Amino acid sequence: MTSTLQQTKNAVTLRGSAAIISEFFNYGINSILYQRGIYPPESFTRKQEYGLTLLVSTDDAVNKFLGDVLGQIQDWLVLRKVKKLVVVLNSVETKEVLERWEFKIENETGDGGKAVEEAVKDEKKIKSEIRDVIRQITASVTFLPLLDCLCSFDILIYTHSDTEVPTQWGESDPCYITNSEEVKLRSFSTAVHKVEAAVSYKADL
């Protein structure tokens, strides 16, 4: 009986996986905004998650924007429509793209290459993998060039071509960086979805 209960507790559904990834994006994006100085440090508050002290924005406009975007992503993850999410940091003055944080999303597959609908994975293991990714985002300041200009951020979502997109969302170019370096970060898996992270930056700032 105990093993059955344990297996139920560690069961990850498609909807549950989508919620885990959406929550990760919220904390991950907030960490990028804080670490890269996009908003002043005093506009963030501390929060405990994944065994870490994380910083999240207290700015109403930022939180509304992230809430709208991540709510839509969570819905699309359930429908398996999202291929990747990209956080773009650009110069307010020149509009030039200076950093590009890419999170590639893949469906975990089972026998016969069929996408997994439900799987078993210890929640502690998933949180441990996510913690390692966020630690790398935090440590990125040690190798990323200093952003010494006023910067803004945007979020790009790559979806499958048959996805119905809200009318208030617009098409965008990929916002690639000329003369860029790329650093691969860790990945994590919910056993239903896998997320691979990388950051590209302008090499000659």
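This is a predicted model: local features need pLDDT of at least 70, side-chain atom pairs count only at pLDDT 80 or more; totals for chains, interfaces and linings use all residues.

User: Okay. How many residues does the largest nonpolar core have, and which have the most contacts inside it?

Analyst: The largest nonpolar core has 54 residues. Those with the most contacts inside it are Phe24, Phe25, Ile29, Val87, Trp101 and Phe103.

User: And which helix gives the largest share of this core?

Analyst: That's helix α2, residues 14-35, with nine residues. Apart from this core lies another one of six residues, including Val88, Val97, Leu156 and Ile177.

User: Back to Val87, what does Val87 touch?

Analyst: Leaving out residues up to four places away in sequence, Val87 touches Ile29, Ile32, Glu99, Arg100, Trp101, Phe103, Phe153 and Asp154.

User: Let's switch to helices. How do the axes of α2 and α3 cross?

Analyst: The axes of α2 and α3 (residues 60-78) come within 9 Å and cross at roughly 150°. Angles over 145 degrees count as roughly antiparallel, so that is what α2 and α3 are to each other. The crossing is right-handed.

User: Which residues make the contact?

Analyst: On the α2 side they include Ala18, Ile21, Phe25, Ile29 and Leu33, and on the α3 side Val62, Leu66, Leu70, Ile73 and Leu77 are among them. By class, the contact of α2 with α3 has 13 nonpolar, four polar and one charged residues.

User: What about α2 and α4, at what angle do their axes cross?

Analyst: At roughly 20°, with the axes of α2 and α4 (residues 123-139) coming within 9 Å. That makes α2 roughly parallel to α4. α2 passes α4 in a right-handed crossing.

User: Which residues meet there?

Analyst: Ile20, Phe24, Tyr27, Gly28, Ser31, Ile32 and Gln35 in α2 meet Ile126, Ile130, Val133, Ile134, Ile137 and Thr138 in α4. That contact divides into nine nonpolar, four polar and no charged residues.

User: New topic. Where does Val12 lie, and is Val12 buried or exposed?

Analyst: Val12 lies in strand β1, residues 11-13. With a relative accessible area of 5%, Val12 is buried.

User: What does Val12 touch?

Analyst: Not counting residues up to four places away in sequence, Val12 touches Ser17, Glu117, Glu118, Ala119, Lys121, Ile126, Thr190 and Val192. The C-alpha atoms of Val12 and Asp122 are 8.9 Å apart, although 110 residues separate the two along the chain.

User: Last one: where is Asn90 found, and what does Asn90 touch?

Analyst: Asn90 is found in strand β4 and counts as buried at 15% relative accessibility. Not counting residues up to four places away in sequence, Asn90 touches Lys95, Glu96, Val97, Leu98, Leu150, Cys151 and Ser152. Asn90 and Glu102, twelve residues apart in sequence, are 15 Å apart in space, C-alpha to C-alpha.

Notes. Residues are numbered from 1 along each chain as its sequence is written. Side-chain values use heavy atoms; hydrogens and water are left out. A nonpolar core is a set of buried Ala, Val, Leu, Ile, Met, Phe, Trp, Tyr and Cys residues joined through side-chain atoms within 4.5 Å. Buried means under 20% relative accessible area, exposed over 50%, partly exposed in between (1.4 Å probe, protein chains only). Helices (H or I, at least four residues) and strands (E, at least two) are DSSP runs, numbered from the N terminus. Contact means heavy atoms within 4.5 Å. Axes are lines fitted to C-alpha atoms, for helices over the stretch in contact, and angles run from 0 to 180 degrees between N-to-C directions. Angles under 35 degrees count as roughly parallel, over 145 as roughly antiparallel, 65 to 115 as roughly perpendicular and the rest as oblique. A crossing is left-handed if the near helix is turned anticlockwise from the far one by less than a right angle, and right-handed if clockwise. Ala, Val, Leu, Ile, Met, Phe, Trp, Tyr, Cys and Pro count as nonpolar, Asp, Glu, Lys and Arg as charged, and the others, Gly among them, as polar.
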